[in-house]
Amino acid sequence: MVGPSGCGKTTLLNLMGALDKPTAGKIFLEGKDITGIPETSLYKIRREKVGFIFQAYHLIPTLNVMQNVLVPALPLKAKNKHYPDRAKELLKMVGLDGKEKRRPGELSGGEQQRVAIARALILDPVLILADEPTGNLDLKTGRKIFALLKELNLTGEKTVITATHDQKIKELCGRVIFLKG
Ligand SMILES: Nc1ncnc2c1ncn2[C@@H]1O[C@H](COP(=O)(O)OP(=O)(O)OP(=O)(O)O)[C@@H](O)[C@H]1O
Ligand SMILES: [Mg+2]
C-alpha cells in the first residue's frame, strides 16, 4: 500500500490484523468474517494467523534476541517444546545465527528488524503485515529486508501486505494499492 502520510495505511493494516475494529464494513480472513468476533477470542486469531512487523521494531529491550523471537509462543510453550528450535532456524534464515544472546540495544537497525521478522514468523502465520518495515533503515538494508519478505511470499507461501513510502519497492510487489489522501 502506498499513499500520502495520514491517508490511513497504518489504520488499514491494524484493521486487517484485528488490532482495531471498523466503524463500517467487514473484514474477512481466510474467507471468514472476523468483524464481529469478540475480543475474548480475537486474540487467538491475531496470535495464530497474523505476523506483525512494525516500523519501530517494538522488540523488548530487556530480553535477548532468542527470547524476543519466542514472545508470541509464550502462552503456548508448555504444549509445544519445538519453538526454541524453530526460533533458531528462523534466526538463521534472517542471517542472525550466533547473535541469539544479544539484547536489541546491541544490534543495528537492520538486525533488529530481522529479529522482528523472525518473531512475526514463529507461529507460522498465514498473513504478514509490515508497516513501513524499512522506514528506519538505510537503502541497502531496506532492500535486503524487502527481498526477505518477497522470499517469504514466493517460497513460504505467505500473504505479505506492507505499507511503504519507498517508490522503488513497488516494483517488487505483486499488486500495488494506492490510497488517496
Ligand atoms: N488513534 C487514533 N485516533 C484518531 N485518529 C487517528 C488515530 N490514529 C490515526 N488517526 C488519524 O487517522 C488518519 C490515518 O492515520 P494513519 O496512521 O493510518 O496514516 P498513515 O497512512 O499510516 O500515515 P503515515 O504514512 O504517516 O504512517 C490520520 O488522519 C490520523 O491523524
Ligand atoms: Mg503509518
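This is a predicted model: local features need pLDDT of at least 70, side-chain atom pairs count only at pLDDT 80 or more; totals for chains, interfaces and linings use all residues.

Biologist: Great. Which residues surround ligand 1?
Modeller: There is a run of Pro4, Ser5, Gly6, Cys7, Gly8, Lys9, Thr10 and Thr11, joined by Glu132 and His165.

Biologist: And what lies 2.8 Å from an oxygen atom of ligand 1?
Modeller: Gly6 places a backbone N or O atom at 2.8 Å from a ligand oxygen. Thr10 has a polar side-chain atom 2.8 Å from an oxygen of ligand 1, and His165 likewise has a polar side-chain atom at 2.8 Å from a ligand oxygen.

Biologist: Nice. Switching topic: at what angle do H5 and H6 pack?
Modeller: About 15°, with the axes 10 Å apart; H5 covers residues 109-121 and H6 covers residues 139-154. Angles under 35 degrees count as roughly parallel, so H5 is roughly parallel to H6.

Biologist: Is their crossing left-handed or right-handed?
Modeller: The crossing of H5 and H6 is right-handed.

Biologist: Which residues make that contact?
Modeller: From H5, they are Gly110, Gln113, Arg114, Ile117 and Leu121. H6 contributes Thr141, Ile145, Leu148, Leu149 and Leu152.

Biologist: How many of those are nonpolar, polar or charged?
Modeller: In the contact of H5 with H6, six are nonpolar, three are polar and one is charged.

Terms used:
Residues are numbered from 1 along each chain as its sequence is written. Chains are lettered from A and ligands numbered from 1 in the order in which they are written. Side-chain values use heavy atoms; hydrogens and water are left out. Axes are lines fitted to C-alpha atoms, for helices over the stretch in contact, and angles run from 0 to 180 degrees between N-to-C directions. Helices (H or I, at least four residues) and strands (E, at least two) are DSSP runs, numbered from the N terminus. Angles under 35 degrees count as roughly parallel, over 145 as roughly antiparallel, 65 to 115 as roughly perpendicular and the rest as oblique. A crossing is left-handed if the near helix is turned anticlockwise from the far one by less than a right angle, and right-handed if clockwise. Contact means heavy atoms within 4.5 Å. Ala, Val, Leu, Ile, Met, Phe, Trp, Tyr, Cys and Pro count as nonpolar, Asp, Glu, Lys and Arg as charged, and the others, Gly among them, as polar. A residue is near a molecule or strand if one of its heavy atoms lies within 4 Å of it. A polar contact is a pair of N or O atoms within 3.5 Å; within protein, one must be able to donate a hydrogen and the other to accept it, and residues adjacent in sequence count only if both atoms are side-chain atoms.
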